[in-house]
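Student: I have just opened this one and would like to talk through its inside. Could you walk me through it?

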Amino acid sequence: MDFSAITVLCIGDVMLDRFLYGEMERISPEAPVPVLLLKERREMPGGAGNVVSNVISLGGKAVLVGLVGNDDAATTLRDRLRHGEQITDALVTTAHRPTICKTRYIATHQQVVRADEESRLPLQPEEAEALQRAIDVRLTEADVVILSDYGKGVCDPLVVRHLMEGARNRGVPVFVDPKSSDFSRYHGATCITPNARELAAAAGANAGDDAEVEAAARLVMAQAGAKAILATRSEKGMMLVPRDGQAVGAPARAREVFDVSGAGDTVIATMALAVASGMPWEQAMRVANAAAGVVVGKLGTATADIAEVLGELRAQDMSSPVGHLLSQEQAARQVVRWKEQGLTVGFTNGCFDILHPGHISLLAAARAECDRLIVALNDDASVRRLKGETRPINALTDRAIVIAALRSVDAVVSFAEDTPLEIIRKLMPDVLVKGADYTPEQVVGAGDVIAAGGRLVLVDLRAGHSTTATVRRIAGD
């Protein structure tokens, strides 16, 4: 998949997502509320801004039209949107409202409270005129349009009608992520992507089983004059209902869900890029389904990139022996993308032949030290040289499948050498993790990582567990 030639014009409610991470130490003496000791602060584009972030992460180009205030939040938001030539900032500054900002306070991966800054003022005439001018200027650049309606004012009927007319005149497809239950306001859309609750509200009918979803989709599709409805159904996956064809579904792969924030943004960004690139609708849905599967496995407002989506597609394909075993080149590109997103990348390595509690403890501790963890596995020949001709017990592909399935692991790669020095230098992680049975001087690659500004972490191992001991017990020794 290559979306680099696709430019997406994204119009909608833009916001700043702010995450404040800390530790709850005590109850306040002033009121029965916890005191949060702040440790970390992260800020990223939200709403329509997150749609754009997904477009960029997937390799496309984006133009963003929306409203921001004349305030510090707007400055921060625009700074986070700088991606060279990949994003064109066409935001309209207004004096009538602040930049929408959602601040989430989080302790031990649990959201404690959220504070929203926004205005409930209806869209003002001068704001609508400015948005229409921005649309007219930028629509000529677009291969596809995404309308991201969060119900915050930008997607006023006047603006939506203007957009639809301009897109129709230029033959540009429009994908809509709806907020209103009246889909007729999106009349002329190419595809509308409601979740099950939104679909049921728009149709005024149940949307539980497959038959109900299809019936509801066809009803609202007629009201909107749309070509297709893509209904997202959480653990039930998706259903694509085209106007001139049969409905088709894509099941969700069973996985641990950490956060569904922004999954809809990922779906519509992927779907729009895929269809605009010439991909058949059903295939585009399956790619969007895989992208959604990636982001729900991450905390916070998240994006998916091409490598992650391809890995998820391979994992969904039972004919593929390995779901997440990246080549070293793919892993290096993945590290670059993660670092560009401001994420810290951790690295650990080993044979991981027969998985045991010691391995699980090590990987969990490693993941706690970073935002994304890459595990490098010795290939089979390397294991034989290190452990003897009877090893490995499990082949590389099998070991990769098991390791990739762990919640602590974000990517798996292999190396053929006796030590991981070459791959460490190629990936250059921010955090290098080994067991505390090593001294810093013994850890291969530690000097390179530290010299590049990274750090070495030695974690305590769970005593009494090893693959060798397990093999001996099995053999009765």
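**Cavities and cores**

Tutor: The largest cavity holds about 50 Å³ of space, where a cavity is a set of points on a 1 Å grid over the protein atoms alone at which a 1.4 Å probe fits but cannot get out, and a volume is the space filled by probe spheres set on the points, joined across faces, edges and corners. This is a predicted model, in which local features need pLDDT of at least 70 and side-chain atom pairs 80 or more, while totals for chains, interfaces and linings use all residues. Residues are numbered from 1 along each chain as its sequence is written, and side-chain values use heavy atoms, without hydrogens and water.

Student: Which residues line the largest cavity?

Tutor: Its lining, meaning residues with an atom within 4 Å of a point, consists of Asp13, Leu67, Arg97, Pro98, Ile100, Lys152, Gly153 and Val154.

Student: And what lines the second largest cavity?

Tutor: Arg97, Pro98, Ile100, Glu118, Ser119 and Lys152 line that one, and its volume is about 30 Å³.

Student: Changing topic, which residues touch the most other members of the largest nonpolar core?

Tutor: Among its 55 residues they are Leu64, Ile146, Phe175, Leu230, Met271 and Met285; such a core joins buried Ala, Val, Leu, Ile, Met, Phe, Trp, Tyr and Cys residues through side-chain atoms within 4.5 Å, buried being under 20% relative accessible area with a 1.4 Å probe, protein chains only.

Student: What is Met271 in contact with, leaving aside neighbours within four places in sequence?

Tutor: Met271 is in contact (heavy atoms within 4.5 Å) with Phe175, Leu230, Leu240, Trp281, Ala284, Met285 and Ala288. A second, separate core has 46 residues, including Leu9 and Tyr186.

Conventions. Buried means under 20% relative accessible area, exposed over 50%, partly exposed in between (1.4 Å probe, protein chains only). On a 1 Å grid over the protein atoms alone, a cavity is a set of points where a 1.4 Å probe fits but cannot get out, and a pocket is an open set with protein on both sides within 12 Å along at least five of seven lines; lining residues have an atom within 4 Å of a point.
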